[in-house]
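Biologist: I would like a close look at one part of this model. Please take chain B and its sheet, then go on to chain A for comparison.

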Amino acid sequence: MDRFGYWNKILHVNLTARTTWIEEPGDPFVRRYGGGRGFIAHYLLKYVPKGADPLGPDNVLVFAPGVLTGAPVPGAGRHSVGAKSPLTGGFGESESGGFWGAELKRAGWDAVVVHGVSTIPVYLWINEGAVQFRDASHLWGKITGEVQDAILAELGDPRARVAQIGPAGENLVRFAVIANELNEVAGRTGMGAVMGSKRLKAIAVRGKTPVRLADAKGLNAVAKWVSSTMDQNHRAFHEFGTGAAMQGKSLEGGMPTLNYRLGAFEHVAKVDAIAVRDQMRVKMEACYACSVRCKKVVHIEEKEDAARRASETLYQGKGTVGVDPLGRYRVDPRYGGPEYESLAAMGVNLGLDDLVAICKSNEMCNYLGMDTVSLGATLAWAMECFEQGVLTLDDTGGVPLRFRDPDAVVKLVEMVAHRQGIGDLLAEGSQRAARRIGRGSEAYLTTVKGMEMAMHDPRHMPVMRASYLLAPTGGDHMRQMDYRNGLRNQVALCHFLAYDDAQSLDIIKAVTGWDITPEEMTTTARRGLTLARLFNLREGFTRADDRLPPRFSEDLPKHKGLTAEQQSAIVTEYYVKQGWDSERGVPTAETIRALEIEADAALAV
Amino acid sequence: MAAPNAPARTIAVNVTFFADLRRHLPRGADGPQRYELREDATITDLLAAIGIPADTDLTAALDGELAKRESPLHDGAEVMLLSPMEGGA
């Protein structure tokens, strides 16, 4: 039959046995799950035994684009990566942009499921339908830029796309990432550590077959709509990427500052996306097929003459190459630039007004392979502990952990990635570190279910409350109460494109040819959320885990703390909306039947 | 008391647009934009003069402080129009 948008081919790779097999799950499977979280939850329930060690051989690592990935329309460059999370012990999943997901679809695959553990470091080479296991011993320990260069040279194909871990993933840092294009990152929940535990250094992929489309003309009209209405709908992202709203956040009293203790930062204008543009941004880059082009690229030199030369030779005078006034750091433009979460987590929340140092930390996180959000929030926790005397110089091996110390942060990034000194404790993530330390350090955590919250304060932003409380991944800000985010995750449509629900439906129809209704889209999103919930319940999570840490019961100068009653009311409302029982959040039999997930649910006991 | 046919006094304010509110900038323009308004104008009047719908979710700051929509403006006021919500990443 004619298939559009997908191939009905899932690649399974067994690293232990060095074998591969192809699953053809059928059209109803793809339509039911969409991709992304739907696929991931299905495979985690199917293959990961209850109680499995996330860093052990029984975990699986799922690379899941969606049905839209690879279609020639802005926003269709996304994919998700999922596994049991080493940070939370529950459902782990992270979304990424870039080109890798589209290349995988062009290679003829809808997803890759990695099983087992290799005895030596390897990388996979997926060249259209052919799959090779290649020795990666010579790449182990290298940073992401060196690895990408080496792999492309070995394969002799400069157009291959590489998804990889950095040294942090190899060292099982619990918030290690999987990066593609060096600055497109599946950042949250520690998927890089899972990949490192499997000794899988990278997956290179090359595909030459365009994704088949049901209605290319219709899709082209959508693409034209995006570019012709750029000013009205996408101007901020197009001009600045994210981080242009930080001054507003601070004025409103909701800017995470000094471990979420304050809501405003007097120097926020020194470190926002506008400052980045004015001082060190050389260009903006795009993901696959996207005209919004929202990804910052920064370049900083230690000396002014080097910056001037770079500006003339590399950018023809059109980019602003920054200079470190203190002559400390060079920041390589290969690694992109800091988006909002990084500017906040590795900047404002640590009390930093040194934009050069923030850019340096961001670059290092990209070449070492760590999540800037979890790292930044873990550092903020540690700094508050140090301030309060809960952590001392004896604990830190003589390294002071102070807010407002940009150079210390840069050193700590390296220490955490390599688990050196105090870095070894911090590499566990703040919740595990707090449990190890004790001494009341848990009072300073900003984690939910073990994952550090992102940089949007739920005391300031009501829309974030349900997300942090109830996202299956923990302190995740992208799972708000409505279904739009969930659906976009599963079909893989970028959240930054201002498509309304009707346009999203049109895009899905134009790509797949499915006669899909809004109700079906909602059901698909509900299915993904409920499956992820079932996985977490199986792994021992309960309603007690659906709560914010004590920090968020404290008042901010301009916003009240959230009471236990308020949080409980949101949780109950969410449970009921999802069709779960109102007390424990267990999906009801009726909901499981309505979502047609009886077989998956049977694996959740 | 002003003479009955005297022209209304005006004030000039500078407005800086942030984030996606920059879509209200004139094409090709950047930086603060100057608007002339009646001397008793408020933030609400300013938004109307710019063409920003009254129900737009935004934050207004007047001379560096959060301001309500009914806040009166003055000659030389520095207004920031911000939208604090942006997506992930």
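Modeller: What follows starts with chain B and then turns to chain A. Keep in mind that the model is predicted.

Take the overall makeup of chain B. It holds one helix and five strands. Read from the N terminus, the elements go β-β-α-β-β-β. Chain B has 89 residues, and 30% of them count as buried. Now consider the contacts in chain B with a separation of 6 or more. Residues 24 or more positions apart account for 63% of those.

The strands of chain B form an open sheet of five, in the order E2-E1-E5-E3-E4, and the pairing is mixed. Its edges are E2 (33–38) and E4 (65–67) of chain B, each of which pairs on one side only. On average, neighbouring strands in this sheet are turned by 35° against each other, direction ignored. Look at one pair in detail. E1 (residues 10–17) of chain B runs antiparallel to E2(B), and six bridges link them. Within this pair, B:Leu37 of E2(B) stands opposite B:Ile11.

The helix comes next. H1 of chain B covers residues 43–50. It lies across E1, E2, E3 (59–62), E4 and E5 (78–82) of chain B. Against E2(B), the helix runs at about 120°.

Chain B also touches chain A. The contact takes 17 residues from chain B and 21 residues from chain A. On the chain B side, E3 and E5 are the elements that give two or more residues. By type, the residues on that side divide into nine nonpolar, four polar and four charged.

Now chain A, beginning with a sheet. It is an open sheet of six strands, ordered E8-E7-E12-E9-E10-E11, again with mixed pairing. E8 (130–135) and E11 (184–186) of chain A are its edge strands, and each pairs on one side only. From one strand to the next, the twist averages 20°. Inside the sheet, E9 (residues 161–164) and E10 (residues 178–180) of chain A run antiparallel and are joined by two bridges. Here A:Ala163 stands opposite A:Asn180 in E10(A).

Then a helix pair in chain A. The axes of H20 (residues 484–491) and H22 (residues 518–538) of chain A come within 8 Å and cross at roughly 85°. H20(A) is therefore roughly perpendicular to H22(A). H20(A) brings A:Gly486, A:Leu487 and A:Gln490 to the contact. H22(A) brings A:Met521, A:Thr524, A:Ala525, A:Gly528 and A:Leu529. The contact residues divide into four nonpolar, four polar and no charged.

Two backbone details in chain A deserve a look. Most residues other than glycine have a negative phi. A:Arg439 is not a glycine, yet its phi is positive, at about 55°. A:Arg439 sits in the loop between H18 (430–437) and E17 (447–448) of chain A. With 14 other C-beta atoms within 10 Å, A:Arg439 is partly exposed. A:Lys449 is not a glycine either, and has a positive phi of about 55°. The place of A:Lys449 is the loop between E17 and E18 (451–452) of chain A. A:Lys449 has 26 C-beta neighbours inside 10 Å, so A:Lys449 counts as buried.

Technical notes. Residues are numbered from 1 along each chain as its sequence is written. Chains are lettered from A and ligands numbered from 1 in the order in which they are written. This is a predicted model: local features need pLDDT of at least 70, side-chain atom pairs count only at pLDDT 80 or more; totals for chains, interfaces and linings use all residues. Helices (H or I, at least four residues) and strands (E, at least two) are DSSP runs, numbered from the N terminus. A residue is buried if 20 or more other C-beta atoms lie within 10 Å of its own, exposed if 12 or fewer, and partly exposed in between; C-beta atoms are placed from the backbone. Two residues are in contact if their C-beta atoms, placed from the backbone, lie within 7 Å. Two strands pair if DSSP finds at least two bridges between them. Axes are lines fitted to C-alpha atoms, for helices over the stretch in contact, and angles run from 0 to 180 degrees between N-to-C directions. Ala, Val, Leu, Ile, Met, Phe, Trp, Tyr, Cys and Pro count as nonpolar, Asp, Glu, Lys and Arg as charged, and the others, Gly among them, as polar. Angles under 35 degrees count as roughly parallel, over 145 as roughly antiparallel, 65 to 115 as roughly perpendicular and the rest as oblique.
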